[in-house]
Amino acid sequence: MAVIGTKAPGGLKARWTLIDIIVVVYALVPVLWILSLSFKTKDTLADRNFFPREWTWQNYIDIFNTSEFLRALLNSIGIAVIATVIAVVLGTMAAYAIARLDFPGKRLLVGVSLLIAMFPQVSLVTPLFEMERSLGLFDTWPGLILPYITFALPLAIYTLSAFFREIPWELEKAAKMDGATPAQAFRRVIAPLAAPGVFTTAILVFIFCWNDFLFAISLTSTTASRTVPAALSFFQGSSRFEDPTGTVSAAAVVITIPIILFVLFFQRRIVAGLTSGAVKG
Amino acid sequence: MAEIVLDKVTKRYPDGALAVSEVDIRIADGEFVILVGPSGCGKSTTLNMIAGLEDITEGELRIDGERVNERAPKDRDIAMVFQSYALYPHMSVRENMAFPLRLAKVDKETVRQKVEEAARILDLTQHLDRKPGNLSGGQRQRVAMGRAIVRDPKAFLMDEPLSNLDAKLRVQMRTSVAKLQKRLGTTTVYVTHDQTEAMTLGDRVVVMRGGLVQQIGSPQSLYEQPANLFVAGFIGSPSMNFLPATLADGHLHTPLGDFPLTDRVRRLAETANAPRELIMGLRPEHFEDAGLLDDAEKARGGTFTASVDVLESMGSDKYAYFTVEGETATSAELEELAAESGSTEMTDNGSQVVTRLSAASGARIGSDLTVWFDPDKIHLFDPQDGRTLTYSS
Amino acid sequence: MSEAVDTPRAAVKGASDGKKAERRLAFWLCAPAALVMLAVTGYPIIYSIWLSLQRYDLRFPSQHEFVGLDNYITVLTNSYWWTAFGVTAFITIVSVVIELVLGMALALIMHRTLVARGLIRTVALIPYGIVTVVAAFSWRYAWDANTGYLSQLFDPDGAPLTQRASALTIIIAAEVWKTVPFMALLLMAGLALVPEDLLKAASMDGATAWQRFTKVMLPVMKPAILVALLFRTLDAFRVFDNIFVLTSGAQETGSVSMQTYNNLIKGLNLGIGSTMSVLIFLAVALIAFIFVKVFGAAAPGNSDNGRR
């Protein structure tokens, strides 16, 4: 071990275990806390105890009984999925061209998408607000899907073009020599190899869209298109005087579940996807 | 099985670059032909044009007498082995080898039989269900061969199929490729940059340079009768020694000394209209330690004395390297050869001479040695265009 | 060997104008993405500059007129703007520095741990993936005087989120928590580029562990570090979600993004809002410029030799 120095193997292992535990605690405590809050009863919510003293599903029952949350969840899922599909399709096309074809303006395209990746989204909020109002897109699904696609595209293009560069394209020739038509070469050889990259990109883009808050609160005004992150900040309890902590926590847990599932099942892919573009610098 | 004919085949890229120029090769049915040359000589482009992976700009490609310029690769019934092997990483060895048959809609039972037959020939039977990622380099290479042979194509095209293997395995696979080709009797075009591979494998060798065919012939004829400086320098290892020479009154003035031309050489040089300034070529094996020869033999040739720079003892014989004073031979071909072999060891004054001596030679590094050479074995070249002046057809 | 011009379309029969066909294909493949990006960012930015030169307040639509640089003067002489700017800069610098240190530590841990490497990498991704607003609520409830298990950590009667200094600290902590894993992943990619042999050679040359880290690893990783820093600095500069949830910008903890949002949604003043948009855009461009020109950060994915 070059950095940590050498010690007896047993001690080394114990030390790594300790370090690992610190990392796990670091990463999980805020998640566990919101989970814990979501299971607290209304009376024990303010007990400042990390773990619930009494457990209840009431908060979850409550949020799934409000149309406000259900509608927001539907908006979140619908908008994120549609934006992801479109961004990945457009991104795949552009990334293929960048990775495989020679054309003037390639550098420009890469440069522009880099610019957008670093763009302060808030700079777009005011003009988009005004434009969408006049176009009738304000507070609609397309009104959020469009900016999501735009800001997801650079991410998609980078990740995918990095993946596409890794594909051994000689296989396409090999398939042709083996008697495949161009369509067969694509379907039976290239597509299966490209699929993991496309899938990974889709996960990253989905996480991005699922996460957004700024556009979601700026470009919506009603439950018609308000996504869960935005809805959370407008959550009030069922009555005016009720503390919304429990319900907010339950809703927060619900929208965290897909993220946790992605991370658990696709850890390797997400790491590969996030780092693929960066290594080349 | 098929006869492949390249008739003035030319490849010009859209930006005007000429990759391959008017290549004429007639490859007989069942023949094993090697395309050899330094990188960028057009050998792979030529192979890709036969494969149909690149368009032919001009000229005609005929397989079994039929023009196939416009046919897609899949309709040419040719199999190809790639340098990287190009195995499909998401398919098992079995699926890789079955892929061309499945595309050709061969029924399942036949596919199974053919794949297993090929696996048996190539000793891959126990690896059939593994993925290429879990195979060694040699095994991957054999899978690539297997994928080519299962469908019993008209011809095999091989693009440097052995260059990703380590040296020992390469020699081993070289033999098996040659055996396999003889056994199957399938017309084969093989591309390599390695002249040893070219010499040992092919029935005929095509030497290419800068998109032009330099010479076509059997390995032995290329070695003994190189058509120009480039072929002379490219074929043979260690390569031929090149020295500047001046021809006057039937005598050759060289850094190795002055000596008369032998009758054979003089006749050839006269026929070829040799100029005064020449490049002389002499292969390492045409030298010998003068101390090992009797006077009669010695008198038949020339001698020179120089200090041994480097001595490599191979057991069966010894390679002694000398530096001889005087000008160095220069020509475009020689520069390209030097660049190709990566040798920058151009000595400041004088040229390097490599000699192969008998194991009995008493040569020692640093001490002077008198070396005999056979003047009847010299090659003479025109430094202007590199053509040979001692070519006996 | 020159490579085959081998696009699906040009491969088989596209004759001498294969190059043209390739360009045409590339154009059609890139056009939709380029069009969307241009329409949703390029046009609005220009529109934003146009709006910033007008008096345009949705509460007083009749006073819509061209006012030149008046809005810029208004914003740049406004103490709220400069407070927000200061807060943003402070959060950006402090959080990025902490993230770099912690990110490097986490990267080394993920790269070298002997125990449960997969688990560590999985767990470390959770902060990255989790919705920022969710994490922000977790922190808010943790420090909230009524509900929080942390609220009385330093002061038994404390309400940390209502004090400026402690609120800023919490905002930074929340930012750092969320983004350290991303930083660590980028740095880990850089770590993977440091050849193991180089470290062995350095230790043979007598370098201590610390020297190996500073003299060998860091220089080799420099490009990766710069890219990570660039990304994170620009990202940190747009801090919004955490502040919105944690303090709503109270006690002068609002960032420039908060100011812009408030101006738009609460103030409905499009002229001033656009002015702020343009100023933030300029600030970000300046940061990127400094990184690229002064530190020589390379834009990732910009290596044009990717074609094999």
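**Chains B and C of a predicted model**

Good morning. What I show is a predicted model, in which local features need pLDDT of at least 70, side-chain atom pairs count only at pLDDT 80 or more, and totals for chains, interfaces and linings use all residues. Residues are numbered from 1 along each chain as its sequence is written, while chains are lettered from A and ligands numbered from 1 in the order in which they are written. The scores of the model are ipTM 0.87 and pTM 0.80.

Let me stay with the sheet around that pair. Helices and strands here are DSSP runs numbered from the N terminus, a helix being H or I over at least four residues and a strand being E over at least two. Two strands pair if DSSP finds at least two bridges between them. In general, the strands of a sheet pair through backbone hydrogen bonds, either parallel or antiparallel. Strand 9 (residues 204-209) of chain B is joined to strand 10 of chain B by 5 bridges, and the two run antiparallel. They belong to an open sheet of 6 strands in chain B, with the order 6-7-8-3-9-10 and mixed pairing. Which strands form its edges? Strand 6 (78-81) and strand 10 (212-217) of chain B do, each pairing on one side only. From one strand to the next, the twist averages 20 degrees; for such angles, axes are lines fitted to C-alpha atoms, for helices over the stretch in contact, and values run from 0 to 180 degrees between N-to-C directions. Helix 4 (residues 137-149) of chain B packs on this sheet, where it touches strand 6 and strand 7 (155-159) of chain B. The direction of helix 4 makes about 175 degrees with that of strand 6 of chain B.

Chain B holds another open sheet, with 4 strands in the order 2-1-4-5 and antiparallel pairing. Its edge strands are strand 2 (18-27) and strand 5 (66-67) of chain B. Strand 4 (residues 58-63) of chain B meets strand 5 of chain B through 2 bridges, running antiparallel. There, Ile63(B) is opposite Glu66(B) of strand 5.

Now to chain B as a whole. Chain B contains 11 helices and 20 strands, and its C-alpha trace spans about 75 × 45 × 35 Å along the principal axes. Of its 393 residues, 44% are buried, that is, with 20 or more other C-beta atoms within 10 Å of their own; exposed residues have 12 or fewer, partly exposed ones lie in between, and C-beta atoms are placed from the backbone.

Chain B is divided into domain 1 (4-229) and domain 2 (234-381), with bounds that come from an automatic or database domain assignment. The centres of the two domains, taken over C-alpha atoms, are 37 Å apart. How many residues does each domain of chain B give to the contact? Domain 1 gives 10 residues and domain 2 gives 12 residues, where contact requires C-beta atoms, placed from the backbone, to lie within 7 Å. On the side of domain 1 that touches domain 2, helix 6 (195-201) and helix 7 (219-224) of chain B give two or more residues. Helix 6 of chain B gives the most, with 3 residues.

I turn to chain C, which has 11 helices and 2 strands. Among its 308 residues, 49% count as buried. Its average pLDDT, the predictor's confidence in each residue from 0 to 100, is 82, and 89% of the residues score at least 70. The pLDDT falls below 50 over residues 1-16 of chain C, and likewise over residues 300-308 of chain C. Where pLDDT is low, the predicted coordinates should not be read in detail.

Finally, the contact between chains C and A takes 100 residues from chain C and 98 residues from chain A. On the chain C side, helix 1 (residues 18-52) gives the most, with 19 residues. By class, that side has 68 nonpolar, 22 polar and 10 charged residues; Ala, Val, Leu, Ile, Met, Phe, Trp, Tyr, Cys and Pro count as nonpolar, Asp, Glu, Lys and Arg as charged, and the others, Gly among them, as polar. Thank you.

Terms used:
Contact = placed C-beta atoms within 7 Å.
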